[in-house]
Amino acid sequence: DGTNTWNLTGANSGTVTDVTGTFSAIENLTGGTGADTFNIASGATLTGAIAGGLGTDTLTQADGANTWTITAADTGTVTDVTAGFSAIENLTGGTGVDAFTLFNGGSLTGTLSGGTSNDSLTYDEAYNGNVTVNLQTGAATATGGFASIESFNADSGQSNTLVGANAANTWNVTGAGTGNIGGTITFTDFTTLTGGTAGDDFVF
């Protein structure tokens, strides 16, 4: 229990709060009742799974290109962790490109943060629900919020809404529900585009 920091630094090896040295040949990591933070360093791998436990827990990938899936409540997979994660409320990418995909039934109670590269949030084509992404509030359907995400992709078979930030924005619409905002934020399959409180230009 308590607040713990787990650092995965090699193959099934690393450090954890209250253990003076390191651990090795440990395939599965399980948190307790407190807040657990799991950090995956560059080159580190885990052949088992990460389970957060009962607290509000965070999983961070340090760098490299990472693929994240969210397949159930606070549950999914990530690069370098063979058996995936569960009971993890917050997901944080690193310096590489992080691609997050929400599948039907998937949800995240905490924050999804991309890190410092060009990162994406995608709702799978079988997501089976309308999606709203709000750039003003950092809110996105089935998550507790997002940060540092530059690309948003919705399920093409649904009625999806993208709300722009409260700034002067130029929306470049290049296809059906597809385009970019000022060349920095890209989007696909949003049926409704809503500007903020400042001047918005929509270019078709």
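This is a predicted model: local features need pLDDT of at least 70, side-chain atom pairs count only at pLDDT 80 or more; totals for chains, interfaces and linings use all residues.
Are Phe 146 and Phe 152 buried or exposed? Phe 146 is buried, and Phe 152 is buried as well.

The pairing between β1 and β2 is antiparallel and runs over 4 bridges. Within it, Gly 10 stands opposite Ser 13 in β2.

## Strand β6 and its partners

Strand β6 covers residues 58-61. Strand β4 (residues 36-40) pairs with β6 in the parallel sense, over 4 bridges. Here Phe 38 has Leu 59 of β6 as its bridge partner. Strand β10 (residues 90-92) also pairs with β6 in the parallel sense, over 3 bridges. Here Thr 60 has Thr 92 of β10 as its bridge partner.

In a regular strand, side chains alternate between the two faces of the sheet. In β6, Thr 58 and Thr 60 point one way, while Leu 59 and Gln 61 point the other way. All four of these residues are buried.

## Asn 4 in strand β1

Asn 4 belongs to strand β1, which spans residues 4-10. Why does Asn 4 count as buried? Its relative accessible area is 9%, and a residue is called buried when this value is under 20%.

Leaving out its neighbours within four places in sequence, Asn 4 is in contact with Thr 17, Asp 18, Ala 35, Asp 36 and Thr 37.

## Aromatic pairs

How many aromatic pairs does a search of the whole structure find? The search finds 6. In one of them, the ring centres of Tyr 123 and Tyr 127 are 5.1 Å apart and the planes are at 75°, so this pair is edge-to-face. Tyr 123 and Tyr 127 are both buried. The rings of Phe 146 and Phe 152 have centres 5.1 Å apart and planes at 65°, so this pair is edge-to-face too.

One aromatic cluster is formed by Trp 171, Phe 187 and Phe 202.

## Asp 200 in strand β23

Asp 200 lies in strand β23, residues 200-203. Its relative accessible area is 19%. Asp 200 counts as buried because the limit is under 20%.

What lies 3.1 Å from a polar atom of the side chain of Asp 200? It is the backbone nitrogen of Gly 196. Leaving aside neighbours within four places in sequence, Asp 200 is in contact with Ala 167, Asn 169, Trp 171 and Gly 195. Trp 171 is also a member of the aromatic cluster with Phe 187 and Phe 202.

## Two residues with positive phi

Most residues other than glycine have a negative phi. Asn 128 has a positive phi, near 65°. Its place is in the loop between β13 (120-123) and β14 (132-134). Is Asn 128 buried or exposed? Its relative accessibility is 57%, so Asn 128 counts as exposed.

Ser 148 also has a positive phi, near 55°. Ser 148 sits in the loop between β16 and β17 (151-153). With a relative accessible area of 36%, Ser 148 is partly exposed.

## Ser 86 in strand β9

Ser 86 is found in strand β9, which covers residues 81-86. Its relative accessibility is 28%, and Ser 86 therefore counts as partly exposed.

Which residues does Ser 86 touch, not counting those up to four places away in sequence? They are Ile 50, Ala 51, Gly 52, Asp 74 and Thr 75. Between Ser 86 and Ala 140 the separation is 54 residues in sequence and 20 Å in space, taken from C-alpha to C-alpha.

Technical notes
Residues are numbered from 1 along each chain as its sequence is written. Side-chain values use heavy atoms; hydrogens and water are left out. Buried means under 20% relative accessible area, exposed over 50%, partly exposed in between (1.4 Å probe, protein chains only). Contact means heavy atoms within 4.5 Å. Two strands pair if DSSP finds at least two bridges between them. Rings of Phe, Tyr and Trp (its six-membered ring) pair if their centres lie within 6.5 Å; planes under 30 degrees apart count as stacked, over 60 as edge-to-face and the rest as tilted. A polar contact is a pair of N or O atoms within 3.5 Å; within protein, one must be able to donate a hydrogen and the other to accept it, and residues adjacent in sequence count only if both atoms are side-chain atoms.
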